[in-house]
Amino acid sequence: MKFIKALFGASKDKAAETGINALANMAPDLMSEAGIREVEMNLDAATKSYVEAKADYDKEQREADEVQKLYDQRMQAAENINGQLETAVADGDTAKAAKLEESLTTILTTIEESADDLAREIQEAEDAKIWVTEAEAVMNEISEDLKGARKDLEAAKRDQATAAKQEERAKRM
């Protein structure tokens with residue numbers, strides 16, 4: 001370890017990292033191309049996860065929207081029936097009022113029973129949105145890592161070419 005520390009001028013904790021960086025600078029094509037391929041594979045997997053998460057989110061959101069629409073329609077129907085019931089009571093039409101009250105009770109029971117379905121569908125859509133947001137963030141982070149790795153590889157290649165030119169000039173003198 002003292003040899004590596006002295007050779008690279010690094011602390012004990014940084015010696016291995018510096019050695020790897022030195023190797024990468026000496027042969028950037030070997031180290032970085034493999035690293036880039038690995039990051040590309042990670043990006044492919046992250047993109048696949050994102051696409052699956054997005055499809056799941058779209059499905060869950062569509063289901064939540066459909067259940068919400070049905071719930072809203074039932075609430076509107078209940079309000080209409082209630083208005084008709086009030087009119088029938090005001091007019092003294094007890095037979096009509098009894099039928100409307102029975103209909104109102106039935107639709108209110110249906111609304112109560114569907115409230116749990118609505119809450120579940122909304123929660124599933126929210127959970128799917130969290131998943132798609134996280135998957136997108138991971139995909140974007142890996143994409144940025146890939147851009148950085150490619151940039152670093154190109155910089156290392158330029159540095160290597162510059163060093164080779166400088167070495168060639170030094171040999172000529």
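Helices (H or I, at least four residues) and strands (E, at least two) are DSSP runs, numbered from the N terminus.

Residues are numbered from 1 along each chain as its sequence is written, and side-chain values use heavy atoms, with hydrogens and water left out.

**Confidence**

The average pLDDT (the predictor's confidence in each residue, from 0 to 100) is 84, and 82% of the residues score at least 70.

Where pLDDT is low, the predicted coordinates should not be read in detail.

**Overall make-up**

The protein contains 4 helices and 0 strands, in the order α-α-α-α along the sequence. Of its 173 residues, 21% are buried; buried means under 20% relative accessible area, exposed over 50%, and partly exposed in between (1.4 Å probe, protein chains only). Among contacts with a separation of 6 or more, 77% join residues 24 or more positions apart.

**Cores**

A nonpolar core is a set of buried Ala, Val, Leu, Ile, Met, Phe, Trp, Tyr and Cys residues joined through side-chain atoms within 4.5 Å. The largest has 14 residues, and those with the most contacts inside it include Leu43, Tyr50, Val132 and Leu146. Helices α3 and α4 (94-172) each give two or more residues to this core. A second, separate core has 9 residues, among them Ala78, Ile81, Leu85 and Ile107. Beyond four places in sequence, Val132 touches Tyr50, Ala53, Lys54 and Tyr57.

Arg74 belongs to helix α3 (residues 28-91). Its relative accessible area is 24%, so Arg74 is partly exposed. Apart from neighbours within four places in sequence, Arg74 contacts Ile107, Thr110, Ile111 and Ser114. Arg74 and Leu108 are 34 residues apart in sequence, with their C-alpha atoms 8.2 Å apart. At Ser114, one of the residues that Arg74 contacts, α4 bends by about 30°. The bend at a residue is the angle between axes fitted to the seven residues ending there and the seven starting there.

Key: This is a predicted model: local features need pLDDT of at least 70, side-chain atom pairs count only at pLDDT 80 or more; totals for chains, interfaces and linings use all residues. Contact means heavy atoms within 4.5 Å.
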